[in-house]
Amino acid sequence: MAVMAVSSKQALRTSMGKFSVFNLFFIYLSGTMSYQRHKHAKVCGTVAKRKTARASTAGGAKKTGGAKKAGKKAGKKKAAPRKEKQEVKQVIFSALFDALDEIVGEDGRESILSYAGLKSYSNVRRPSLLASFPRQDLIKLSNAMSRLLGFGTKAILKETGRKFAIYLAPYGYSLETLIEKLKSWIDGDWDIKLSREPDGDIKFEIHNDPFEASIPGCYVWAGFFEQAATSSSTDGRKYETTELTPPTNKDNVSTFELKRMC
Amino acid sequence: MIMEREPDYVYKCVVVGDYAVGKTSLISRFIQKKFLKEYKPTLGVNLILKELNITDTNGKEILVNLVLWDVAGQEKYDRVRQLYYKGCSAAMLVYDITRVETFQNLEKKWLKDFTENASKDALYMVVGNKADLEDMKKVSTEMGQELSDRITAISFIETSAKDGTNVDEAFLDLIKKLLEQAGEYV
């Protein structure tokens, strides 16, 4: 291409200057080449059009790229965050398995893992913060627990939640610390908000539950919060869940109201 | 797109009785159609979900999800076992026809435990297992029937998990009684 461009310019210059056989030959040569180029473009025309069409239908990525550039230029718009692989620290799984062992025994835990399709988790026992597993597996486990343990009663799931809190924080944490630790151990766009009433009662709100539990699964959380609040209580008083609002389709928030018992 | 059909009924059913009466073997025979030769004590509870299609008298198919709780018979699980009865629709009270004490414990321990912790309308049936060991039989069929009548169980049946005798019948009878209780004609 570069060679041809130079020769075309030369041809033009020479055509305007002295006329020689050599120049004539040069004009002829560049003309032929430009004709060939034009012919090639005609033949390739459909392909080029197709390529353009494909690029525009592939759309999303290209457009987003464009938007990104525009955003950078404007310095205001921010590109949507890329969805990363969400993981859960092993300590969460091991605490849940210890809780299940205590409530339904070793065979019960194995039955739940088998139902969830997570048999490979049988040997996950050490409360490690070094190893991590996909959050999707935690959701599968939670669903299996709901289906097998949650029918007809909330008591078993609630008791499992209590034990889960004990095994996750055996020496007790303040509620605020425990929530911070949970957030660092379970990836994802989720949150727990805690508000303390003047009379000592506590309200928890889970936004985008990392277990994705609805009723009856959210009773695991109810038991968990009861135990965590009781363990962190400075006067040794117990807490009980008095109200539980499961998440709705409108908002993915479940609310737990805990009353301090006398 | 394949749509998974929602079950018409979900029942939680516990299978209880002394250790080594054959509770796990009965369930294994019913679910997997095989007999477990080696005795391996259950640790806590085995949980099994079984989907069943039952046809009613009008030919309508009823989809039932049966959540079976195969509960450990050992005494060390006595404390936590009370939790297992919560939300139960039915119980299978199993004894070993070759061991009298397992029969005596049925009323004294297992029925008492169940009625104290399960809901009042929960059903229960009496099952005498190991019917293939006729020569070693210590609990007669009459004794089993008499107990079943006295405790107002829904039915009494003798089974053998080893050769499969009456195993399917026992479970299906329990489900039919549960469906009848729900107003279905099966």
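How many bridges join strand E1 (residues 9-16) of chain B to strand E4 (residues 90-96) of chain B? The model is a predicted one, in which local features need pLDDT of at least 70, side-chain atom pairs count only at pLDDT 80 or more, and totals for chains, interfaces and linings use all residues. Residues are numbered from 1 along each chain as its sequence is written, and chains are lettered from A and ligands numbered from 1 in the order in which they are written.

Strands E1 and E4 of chain B run parallel and are joined by 4 bridges; helices (H or I, at least four residues) and strands (E, at least two) are DSSP runs, numbered from the N terminus. Within E4(B), Leu93(B) is the bridge partner of Val16(B). In chain B, 6 strands form an open sheet of mixed pairing, in the order E2-E3-E1-E4-E5-E6, where two strands pair if DSSP finds at least two bridges between them. Its edges are strand E2 (45-55) and strand E6 (156-158) of chain B, each of which pairs on one side only.

Helix H3 (residues 100-117) of chain B lies across E1, E4 and strand E5 (123-129) of chain B and runs at about 160° to E4(B). Axes are lines fitted to C-alpha atoms, for helices over the stretch in contact, and angles run from 0 to 180 degrees between N-to-C directions. Residues are in contact if their C-beta atoms, placed from the backbone, lie within 7 Å.

The contact between the chains takes 17 residues from chain A and 18 residues from chain B. On the side of chain A that touches chain B, the largest share, 9 residues, comes from H4(A).

Definitions and conventions: Two residues are in contact if their C-beta atoms, placed from the backbone, lie within 7 Å.
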